[in-house]
Amino acid sequence: MTSADELKKRREKEALRIRTSLNRQRSVQHSNTKGGENTVAFVEERLCIGCDQCDIVCDDDAIELYKVDMRSPLMNVESNRKARIIRDACTGCRLCVLACPTDAITMIDR
Ligand code: SF4
Ligand code: SF4
């Protein structure tokens, strides 16, 4: 069974992998994405699959996940997670936009 320490180490390793990958893409995508202190990230709930990637890369604790009921009767899962942005904590760095696999996050004006 996986211990809490092992899980923590795995999570840190995964965060490093994602960060390294993002840094590679960053120079290209960063310039195409609006960002900075006058912007804030916004999650379109419909597109969010609760994968946690945005939360892993956010250095500012500006993302939290909350539970929602599953809407599909075809899947045997009681609840799913969605991400939401804590507006005051968001610095507009755009990392979550680059990390999101479903393009659920956009940057909007504050
Ligand atoms: S833009 Fe940056 S600070 Fe804001 S939620 Fe995304 S990763 Fe966190
Ligand atoms: S990375 Fe995208 S899909 Fe995954 S939890 Fe964050 S907003 Fe949702």
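**View 1. The shell of residues around ligand 1 in a predicted model.** By class, the shell around ligand 1 holds 10 nonpolar, 2 polar and 2 charged residues, where Ala, Val, Leu, Ile, Met, Phe, Trp, Tyr, Cys and Pro count as nonpolar, Asp, Glu, Lys and Arg as charged, and the others, Gly among them, as polar. In total 14 residues surround this ligand, and the closest are Cys-58, Ala-62, Cys-90, Cys-93 and Cys-96; a residue is near a molecule if its C-beta atom, placed from the backbone, lies within 6 Å of it. This is a predicted model, in which local features need pLDDT of at least 70 and side-chain atom pairs count only at pLDDT 80 or more, while totals for chains, interfaces and linings use all residues. Residues are numbered from 1 along each chain as its sequence is written, and chains are lettered from A and ligands numbered from 1 in the order in which they are written.

**View 2. The shell of residues around ligand 2.** Ligand 2 is surrounded by 14 residues, of which Cys-48, Cys-51, Cys-54, Ala-83 and Cys-100 are the closest. This shell divides into 10 nonpolar, 3 polar and 1 charged residues.

**View 3. The largest nonpolar core.** This core has 18 residues, and those with the most contacts inside it are Cys-54, Cys-96, Val-97, Cys-100 and Ile-105. Helix H3 (95-99) and strand E4 (105-109) each supply at least two of its residues, and the largest share, 5 residues, comes from H3. A nonpolar core is a set of buried Ala, Val, Leu, Ile, Met, Phe, Trp, Tyr and Cys residues joined through C-beta atoms within 7 Å; a residue is buried if 20 or more other C-beta atoms lie within 10 Å of its own, exposed if 12 or fewer, and partly exposed in between, with C-beta atoms placed from the backbone. Helices (H or I, at least four residues) and strands (E, at least two) are DSSP runs, numbered from the N terminus.

**View 4. The surroundings of Cys-54.** Leaving aside neighbours within four places in sequence, Cys-54 is in contact (C-beta atoms within 7 Å) with Ile-63, Ala-83, Cys-96, Ala-99, Cys-100 and Ile-105.

**View 5. Glu-44 and Ile-105.** Glu-44 lies in the loop between strand E1 (39-43) and helix H2 (53-57). Because 13 other C-beta atoms lie within 10 Å, Glu-44 is partly exposed. Although Glu-44 and Ile-105 are 61 residues apart along the chain, their C-alpha atoms are separated by 6.3 Å.

Technical notes
Contact = placed C-beta atoms within 7 Å.
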